[in-house]
Amino acid sequence: RVHPRTAQHRPQSTTETKACNSVSCSPGWRPNLCTTVSALADTFVPSKLRGRKQCWDEYIPFPCVMRTQPVNQSECGTEKLPLLLDLHGTGSNRGNQRSRSGWQKLALFARIAVLWPDGPFDAHSLRSLVNHTLARFPTKLDAKRVYVAGYSTGCASAQLFAKEASDLVAAVACHSGFLDQLYSWAGRDTAAYAPVSVMVTHGLLDEVVPYKSSFLSAGAVSNFHTWARRNGCSGRPSIALIASQKAELRTMRKCAGGTQVALLTLRLARHTSYGAFDGVQPTEVAWEFLRDKRLGRVAPLPGHHSRGIVLDAPAAVDESFKFDSDLVRVSRLGKCVSLGLFVFVLFYCAEQDCYIPWIHRAPMRGSVNG
């Protein structure tokens, strides 16, 4: 049902395998897989999506990565591996996302199965792709550990997919995007939504998707509060400083279903929030957030140990949480009042022929033509 456009990756020599530090030279690498959404689907698919072509690259770790010949899975243990989707942003593609996000390197050494699909993204096609991959590797992949990552619009798509497929997605950790780019939760029926752990990494100097709230965007902190409310979080977030205060990790831990909501703020980063920022590796922090998350629980898994991200200070209670939340509401109210006042002045001046220098609706009173 899946037809690769390129030949299967050739077996590698022992020397090549030992030197491999990328998924593209690993036996589990399969690029350019293509089919239609309807061929992937095991559930209802809207008619407008049935003929859409879906292409992706995948990396499924072999039972024994260093073996050059096929082996029986029982020889290498029976541990099931997590599955992660890495979604690209607008104007990009799966190849660019694979090369820049950092998940390619982590997948090799942390043994993560990763899919890099091409957009546009919607809940039906992503769900079909995940279910299709789980069905192909039923003894290899853990259906309780499906994670979603992404960048910019891909981050917004990842959060929307978590909302629409909360029965399938265990957690999200994405970069430089907000849910409200694609979706407004206000007034929507959320009865089918089950809490999902969400972490967003955002640059404080982001010039494309601004960190601070504006007329066009709610902002990173507001997005954090939205997920905290939808996940039924209580109390106040803890704050941890990373790499000499170059990054701030804000986390809500007391949420429904044992979920968590987190915001990683990179104080020196712009829209591109991948790579190293003064000792901070955002993708590694994202994996620390994801690795223990499962559908139904977030307790640490047996045999999993933290890589030891060094915090400058122990987690502290954020006493400003209520103030921040109130400030967001006041800011929105102030914007609405300001906009209403501006419109009122325009209409008033149009009727009264008052002078506004930058509009020139009417000449100044007392002028030669007045």
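**Aromatic and charged contacts in a predicted model**

In this predicted model, W103, Y147 and W287 come together as one aromatic cluster.

User: Which geometry do the rings of W103 and W287 have: stacked or edge-to-face?
Analyst: Their centres lie 6.4 Å apart. Planes over 60 degrees apart count as edge-to-face. The planes here stand at 85°, so the W103–W287 pair is edge-to-face.

User: And how many residues apart are W103 and W287?
Analyst: W103 sits in helix α5 (residues 103–110), while W287 belongs to helix α9 (residues 282–290). The pair therefore links distant parts of the chain, and the separation is 184 residues.

User: Is W103 buried or exposed?
Analyst: The cut-off for buried is under 20% relative accessible area. W103 comes in at 0%, so W103 is buried.

User: How many aromatic pairs turn up in the whole structure, and what is the plane angle for W29 and W116?
Analyst: Searching the whole structure gives 4 aromatic pairs. For W29 and W116, the ring centres are 6.2 Å apart. That pair is edge-to-face because its planes are at 65°.

User: Which strands does the W29–W116 pair tie together?
Analyst: W29 is part of the strand covering residues 29–36, and W116 is part of the one covering residues 113–117. The two parts are 87 residues apart in sequence. So the strands tied together are β2 and β5.

User: Which ring does the charged end of K293 sit over?
Analyst: The charged end of K293 is 4.1 Å from the centre of the ring in question. A Lys NZ has to be within 6 Å of the ring centre to qualify. The ring belongs to F289.

User: What distance separates R100 from the ring centre of Y151?
Analyst: R100 lies over the face of Y151. The distance to the ring centre is 4.6 Å.

User: On to salt bridges: which residue does R127 pair with?
Analyst: The closest N and O atoms are 2.8 Å apart. R127 is in helix α6 (residues 123–136), and its partner lies 40 residues away in the loop between α7 and β7.

Note on methods:
Residues numbered from 1 in each chain as written. Predicted model: local features only at pLDDT ≥ 70, side-chain atom pairs only at ≥ 80, totals over all residues. Heavy atoms only, no water. Phe/Tyr/Trp six-rings, centres within 6.5 Å; stacked < 30°, edge-to-face > 60°. Helix = DSSP H or I, 4+ residues; strand = E, 2+ residues; numbered from the N terminus. Buried < 20%, exposed > 50% of the residue type's maximum accessible area, 1.4 Å probe, protein only. Lys NZ or Arg CZ within 6 Å of the ring centre and 35° of its normal. Salt bridge = Lys/Arg side-chain N within 4 Å of Asp/Glu carboxyl O.
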